[in-house]
Amino acid sequence: MLSTEEKRVAFHKLHDSGCFVLPNPWDIGSAKALQGLGFKALASTSAGLAWSIGKADNRVTLDNLCGHLSALCAAVDLPINADFENGFADEPEGVAAHVSRAVKTGIAGLSIEDATGDKAKPLYDVNLAVERIRAARKAIDTDRSNVLLVGRCEAFLWGMPDLKLTIGRLHAYAEAGADCLYAPGLKSKDDIAATVKAVHPKPLNLLIGWPGLNVTEAADLGVRRISVGGALARVAWAGFLRAATDIADSGTFDGLGSGYPAGELNRMFSA
């Protein structure tokens with residue numbers, strides 16, 4: 001196993017050039033499977049974790065998440081980027097304290113969102129949002145952890161598809177210390193290319209949660225890294241619920257025929 005420090009150094013190097021995918025496992029088994037497929041880094045998913053413990057997205061606790069992150073980091077020999085939601089606090093002081101705790105789980109990266117969770121006021125005031133990123137940066141630097149900080153603008157996800165607003169916030173987060181920028185919800189090639197150009201030389205993370213761009217196309221647009229959020233977890237839940245619903249509604253077991261072979265799973269996890 002690589003040390004935590006080695007994972008963090010490797011994670012930073014991945015952001016220097018090219019385009020890489022960091023898919024999002026929701027438990028130890030899915031993390032190990034993704035490692036076995038040859039991915040170079042992984043990212044946690046708040047939604048996938050929440051569903052795996054019977055909660056809705058954005059309903060996990062800080063304790064839930066830190067325990068999950070510790071387990072993922074210990075289970076695989078890959079850097080883990082933490083989906084740290086809004087830092088589990090509104091004020092910068094709380095964000096800083098919680099980031100300091102998250103760093104101790106062994107993560108190599110951590111993202112902070114600017115969404116409030118309040119539909120009436122979806123985003124934090126930009127000045128407060130910047131201070132929250134600055135507080136996260138200070139917490140990481142104080143600990144000398146070398147954790148990569150990702151600044152996220154959630155405008156597109158919260159019904160505000162304003163590219164100028166989004167780019168303006170990403171610029172501000174970069175100036176506040178974010179190493180990588182992320183605007184989930186960008187879909188058109190023009191918007192993605194414009195955002196890549198605007199935040200350069202900082203790398204941009206692209207969320208792909210539905211069929212659309214492939215890796216080569218995203219790379220051609222200048223995207224540095226791609227994550228899939230809760231999409232892999234949704235695919236797994238779809239198969240489970242289809243088969244279980246057939247049993248419950250019609251008493252048929254046809255859906256079980258598409259299951260992955262048990263022997264293959266045993267071989268994968270005995271490696």
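**Close-ups of a predicted model**

**View 1. A right-handed β-α-β unit is built from β6, helix α8 (residues 189-199) and β7.** Right-handed here means that, with the strands pointing away from the viewer, the path from the first strand over the helix to the second runs clockwise. Helices (H or I, at least four residues) and strands (E, at least two) are DSSP runs, numbered from the N terminus. β6 and β7 (residues 204-207) run parallel and are joined by two bridges, with L181 opposite L204 of β7. This is a predicted model, so to speak of local features takes pLDDT of at least 70 and side-chain atom pairs count only at pLDDT 80 or more, while totals for chains, interfaces and linings use all residues. Residues are numbered from 1 along each chain as its sequence is written, and side-chain values use heavy atoms, with hydrogens and water left out.

**View 2. β7, helix α9 (residues 215-220) and β8 form a right-handed β-α-β unit too.** Three bridges pair β7 with β8 (residues 225-227) in the parallel sense. R225 in β8 is the bridge partner of N205.

**View 3. Eight strands make an open sheet with parallel pairing, in the order β1-β8-β7-β6-β5-β4-β3-β2.** β1 (20-21) and β2 (42-43) sit at the edges with a single partner strand each, so one side of each has no neighbour in the sheet. Pairing takes at least two bridges found by DSSP between two strands. β2 and β3 (residues 80-83) run parallel over two bridges, and A43 has N81 as its bridge partner in β3.

**View 4. Helix α5 (residues 92-103) packs its buried residues against α1 (4-14), α4 (62-75), β4 (109-112) and α6 (126-142).** Those buried residues (under 20% relative accessible area, 1.4 Å probe, protein chains only) are P92, V95, A96, H98, V99, A102 and V103. The 12 residues of α5 reach 16 Å from first C-alpha to last, close to the 16 Å expected at 1.5 Å a residue; the expected span is 1.5 Å times one less than the number of residues.

**View 5. F84, V99, L110, I112 and Y173 touch the most other members of the largest nonpolar core, which has 64 residues.** Such a core is a set of buried Ala, Val, Leu, Ile, Met, Phe, Trp, Tyr and Cys residues joined through side-chain atoms within 4.5 Å. A second, separate core of 10 residues includes F11, A41, L148 and V150.

How values were computed:
Buried < 20%, exposed > 50% of the residue type's maximum accessible area, 1.4 Å probe, protein only. Contact = heavy atoms within 4.5 Å.
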